Amino acid sequence: MGDPHLAEAVSRARELLRRGAYAEAEELLSGLIHDIESRLGDRAPELINPLYQYARAVSQQYPWTTLPHRERAALERALRLAVEHHGEESRPAARIQEALALSLNSSGEAELACTHMMNVVRFTELAHGDGVLLAHALGGLAYMLLDAGRWEEALATYERASGIMSGRGDELAEFTLLFGKGRCLIEMGRHADAVPVLERAYTWFLGRFGDNRRAKELLAWLDRARLGAAGALET
């Protein structure tokens, strides 16, 4: 960002966001966006980052399961500008698409979220290759595919992410992928296959974090898998 005034304003907004002063950051960024529009036009590339930060400020003031109109409009506009000025497979476009995908998925629009997250995965693979960043992007996509009811695709994506992440020392990431894989298998009716996957996830989580609310949620999924496997044996 070449304009010192813009750089300073965005830096100030980031600091407000870091401190949790979301309403103040929203007001600052709203004014900055209008200022850029009046001086440089409504398609200026200088709008991309303020729009992205504005969406963050708005999102933090609402429950995570909602997607406020202003947040969505800002992200979609920022994405259009990022694609126009930097290209569809650019870092700015991917960053905005990931934020938009997460917001859409949390508010119940899993199918549309998947479309955006697939682009993020494509960019990550092109930019970074077959590494941890790709595994994290694949894990995000798998979660959205699972929410969309696309279980076979979700399972294949979880398995690919697990293959990349295996042996890299990030046990929490591996646990998250295991839990997602187990849920996929249950949704597909493959209860017997889900049991060892969820047992491994539950055992690791219990040893790391103890018997808390999340552990009870895991146990409920494991019990569901065991009951389904036992029922299949009886028929």
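I began with Thr 157, which sits in helix α8 (residues 151-165), helices being DSSP runs of H or I with at least four residues, numbered from the N terminus. Leaving aside neighbours within four places in sequence, I found Thr 157 in contact with Leu 138, Leu 141, Ala 142 and Leu 145, where contact means heavy atoms within 4.5 Å. I noted that Thr 157 counts as buried because its relative accessibility is 11%, the term buried applying under 20% relative accessible area with a 1.4 Å probe and protein chains only.

This is a predicted model, in which local features need pLDDT of at least 70 and side-chain atom pairs count only at pLDDT 80 or more, while totals for chains, interfaces and linings use all residues. Residues are numbered from 1 along each chain, and side-chain values use heavy atoms, without hydrogens and water.

Not counting residues up to four places away in sequence, Leu 198 touches Phe 179, Gly 182, Ile 186, Trp 221, Leu 222 and Ala 225.

Definitions and conventions: Helix = DSSP H or I, 4+ residues; strand = E, 2+ residues; numbered from the N terminus. Buried < 20%, exposed > 50% of the residue type's maximum accessible area, 1.4 Å probe, protein only.
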